[in-house]
Structures are given as C-alpha cells and as structure tokens.
Amino acid sequence: IICLFICLNAYTISMNRYALAESMLFAVFCLMVSVAVKLLKRPGNRSVILLSLLTILIFIVHQRALSIVLATMILLLALLLSKRILLKQGVMFAITFAFFFVILLLIKNNLQNVLWREQGELANDFSVQISAATLLFSIDGIKSFIYALISKTFAIGAAYFLLPFCFMIGFFKRGLQLLKHKFNDMQEKDFLYFYLGISIIFALGVSAVFSMYPIRRDQIIYTRYNEYVVGPIILCVVIDLYNNKIKYKWNEFAVYVCILSGLAFFTDRASKWMEGTGYISLTTPMLSLFYRNNSINMYAIATTMLIVFGVLYFLGYRKKMLYFILPLLTGVSIYSGIYTNQIFNHQDEARKATQEIAEVINDMYDSDKEIQLKLVRAGGAYMQQYYGGILQSALPRVNMKYINLPVEKTDLENADLVVLFNNSIEILDGITMDMENIYSNNLYTLLEIK
C-alpha cells in the first residue's frame, strides 16, 4: 500500500505518457537510495561503484540533478570521515565518476548533434545553467531567489500533503541532537535521513535558481524537477507513522499550521507580482486542481492540505486508519494525474501535426540531399522550441534554423523550406519571394522557396 502511494502519485501518473526526463530521474534516484541503504548496511566495493555510476547517470539525464550529485558526494565524505567506508573506496568512487562522466558526456553530446543541429535551442548546455546562476550576484537576484525558494518549498510540501515538512522537521530535530553529541552516535538511519534531507534541500535550491524570474504562473509553484526526490522521503515518513515513531502533539501541529501559512503568504505575494498569465499544468500536477480563472489560490491549497495532513497526523498511529487513508489519497493523486493529462492533451495533437510535416518533407526530397529549413517563431517561443526539437529529431538530415520576428528577406536566403508555427502566414507579408504553400495542418504551414 505504501509503495502504491509513493509510485502512483500525480507526478508519475501525469509524466508516464511523455518521454521527458522526469520518469527517468524518479527511477534512478530510487535506485540510488536503494544502493545507499545497501552501502550503509554492508559497505562494499560493488555498492560504491554502482552508486558512482548512478550518480553520473542521473546528472547526464538532466543537469538540474546536480543537487543529487552534490548530496551523494557529501554523503560519501561523511561516510569517509566516520570511517564507515575505506579511503580506497572513496578513491574508487571518484575515479569511476570521473572516467564514466567523460564517456557519457561525449555520448550525450553526440546524441544531441544527431537529434538537434542547433544545440542551444533544446540541449542542456552548461553555459545556459551558468548564466542563470550568475543572477545570484545582485541584490535583486538574491531577493528573487529567496522568494523562489519559499515558493518551491511551499509547493513541494503542499503537493504531498505536508509529509515532506514532517520529514524535514524530524530531520532538523535529529540533526540538533546529533550536533550536541558531536555526531558520535550516528546510526545507519541517520545517514540515510541526512542524505535524503540534503537532497531535497539542494533540489529546491537548484530549482529556485532557475525560477527567479518566472514568465508563467506555474513557474512560481514549479515542482517538476523536485518531485523525483520526494518518493523515498514519503516512504520514510509513512513507515515512521506506521511504526508510531511520529507522535501527534497539538503544539507540533500548530507549528505546521504556522509554517504553511507563512509560506502561503509569501508565495501568494510572489504570484501577484508577476505579470505573466501562462500556466502549464504538467509542471505541478497536484496543485493544478486549484488553478481557476487564470489564478491559483495559495490559501485554498494550504487549508486543504492542512486538513488532509491533520487526518494523517492524528490518526496515522492507528494502523487500520492508514490502510484506509493511504489508498484514498492514492486515488486522489491518480485522479489529479489523469486530470492534468486531459487538460494537457494538446501535446499529443502537436506531436501528430509535427510528424505529418516531417513525413511530407521526407517525401519531397531524395535521401542524399541536405535540406535547409527555417522555422519561424511567432509567439509562444518555448513550446515552438519544444516541437521544433521533435521536428528536427524526425528529420536528422535537415539543417534547421529558428527565425524570430520580425522576419526579413535575408533571414530566408539559402532556405529550401519555411515552416510557420500556428499557420501565421501573414508574418511574411511584404517579403517578395517566390514561395509555394505545400502543406498545412492545425499547427504548421509548410512553404517551399522556388
């Protein structure tokens, strides 16, 4: 029942129909935690090497998993200092990481070159990540980072019925106890909780860096690159509830009320400051249930999740109640994931339209001819870049370039084909070139330059 509650949440349900990084991140991190547990119980060379390989893999899957790389290295350092693993095992981890990191990075770069000719449009380049981090070196950047971090913390806690907060409060309380004893009596469970705690903290921090200046409503409560860390954390909390390790106290529940209310207040302020109106439900599937009329009510989220958490907190020690409550919450999560997919179904139509264009282009030319294609962006550049990546991957021999508005005649020179997004053919008015409308569907117009 606990595993179903963790795996069948809104996040995994909504992501299971898209070939994005999230499902892979979730699976790899669960494997990493499993290997870490084995390493804590019985330190061995195979566990060290496997953990190193999984650490490389999760970073290669998506560079925002840098948070997990740092957390894993800190865990290994803590195990070294506590003499739970040998120095040679630490060296083994480092050598394995360095060697296979270079190999996998080369493979990834070659794959990007095959699928996308213009890497800067969709690829996870280091330069893009570094430029976002440099925004922290200003007063406005620091302020924006703090608000983004608060908003992400609110969202990840609320999306999982406050159970991550329950874990973090226990994490900090245990940390203070260990600090008093100079960390001399750390047990296996303490190391595991330390690993999970710093993983979620770092994940929230990295996510906040890339959401300091949101352009859409959903980016305020963007949980997309945080939720893959939550599964093992929820597992630990529910097991502690089941084993009566978490005792209900009214004064502690009041602390949860104060924390969530404060976070909701600052998140609500952040949402009112931004001017953007776009909202992508897929980035925060559980909280999408509260999105209405181009706004999302943070206080409604806080109130609802406090009620749900109150039921878990005060009745969780009764094992029979957990048998009833967890399947009920699993059902709510599944419904939220299906609901998110239903309101985000335009992506399936867009994929079909993109494939249609690719098939038309493939039928037009011999396989040996290299084709010059220009994709004109006309509003909504983010999604056009996404679908453009799909089009490029379907046409590996096509040299595709993006053109931003306004379009000049020189932009279309040397092009064989022009693809217009959203059938916005009027943006070419005034350009005197011999072009023929070859094909149109609900998303694209394909023009051939004579």
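This is a predicted model: local features need pLDDT of at least 70, side-chain atom pairs count only at pLDDT 80 or more; totals for chains, interfaces and linings use all residues.
How are helix 3 and helix 5 oriented to each other, roughly parallel or roughly perpendicular? Residues are numbered from 1 along each chain as its sequence is written, and side-chain values use heavy atoms, with hydrogens and water left out.

**View 1. Helix 3 beside helix 5.** The axes (lines fitted to C-alpha atoms over the stretch in contact, with angles from 0 to 180 degrees between N-to-C directions) of helix 3 (residues 21-41) and helix 5 (residues 66-81) come within 13 Å and cross at roughly 0°. The two helices are therefore roughly parallel to each other, a term for angles under 35 degrees. Contact, meaning heavy atoms within 4.5 Å, is made by Phe29, Met32, Ala36, Leu39 and Leu40 of helix 3 and by Ile68, Thr72, Leu75 and Leu79 of helix 5. By class, this contact has eight nonpolar, one polar and no charged residues.

View 2. Arginine 64 is found in the loop between helix 4 (45-61) and helix 5. Because its relative accessibility is 17%, arginine 64 counts as buried (under 20% relative accessible area, with a 1.4 Å probe and protein chains only). Leaving aside residues up to four places away in sequence, arginine 64 touches Val206, Phe210, Tyr222, Tyr225 and Tyr228.

**View 3. The second largest pocket.** A pocket is an open set of points on a 1 Å grid, where a 1.4 Å probe fits, with protein on both sides within 12 Å along at least five of seven lines, and its lining residues have an atom within 4 Å of a point. The second largest pocket has a volume of about 1000 Å³. Of the 36 residues that line this pocket, Gly170, Phe171, Lys173, Arg174 and Gly175 lie nearest its centre. Helix 10 gives the most to the lining, with 13 residues, and the lining residues divide into 21 nonpolar, five polar and 10 charged.

**View 4. The largest cavity.** In a cavity, by contrast, the 1.4 Å probe fits but cannot get out. The structure holds two cavities of 30 Å³ or more, and the largest cavity has a volume of about 100 Å³. Among the 14 residues that line the largest cavity, the closest to its centre are Asn9, Ala10, Ala159, Tyr160 and Ser333. Helix 1 (2-7), helix 2 (10-15) and helix 12 (230-242) each supply at least two residues of this lining.

Methods
Grid points are joined across faces, edges and corners, and a volume is the space filled by probe spheres set on the points. Helices (H or I, at least four residues) and strands (E, at least two) are DSSP runs, numbered from the N terminus. Angles under 35 degrees count as roughly parallel, over 145 as roughly antiparallel, 65 to 115 as roughly perpendicular and the rest as oblique. Ala, Val, Leu, Ile, Met, Phe, Trp, Tyr, Cys and Pro count as nonpolar, Asp, Glu, Lys and Arg as charged, and the others, Gly among them, as polar. Buried means under 20% relative accessible area, exposed over 50%, partly exposed in between (1.4 Å probe, protein chains only).
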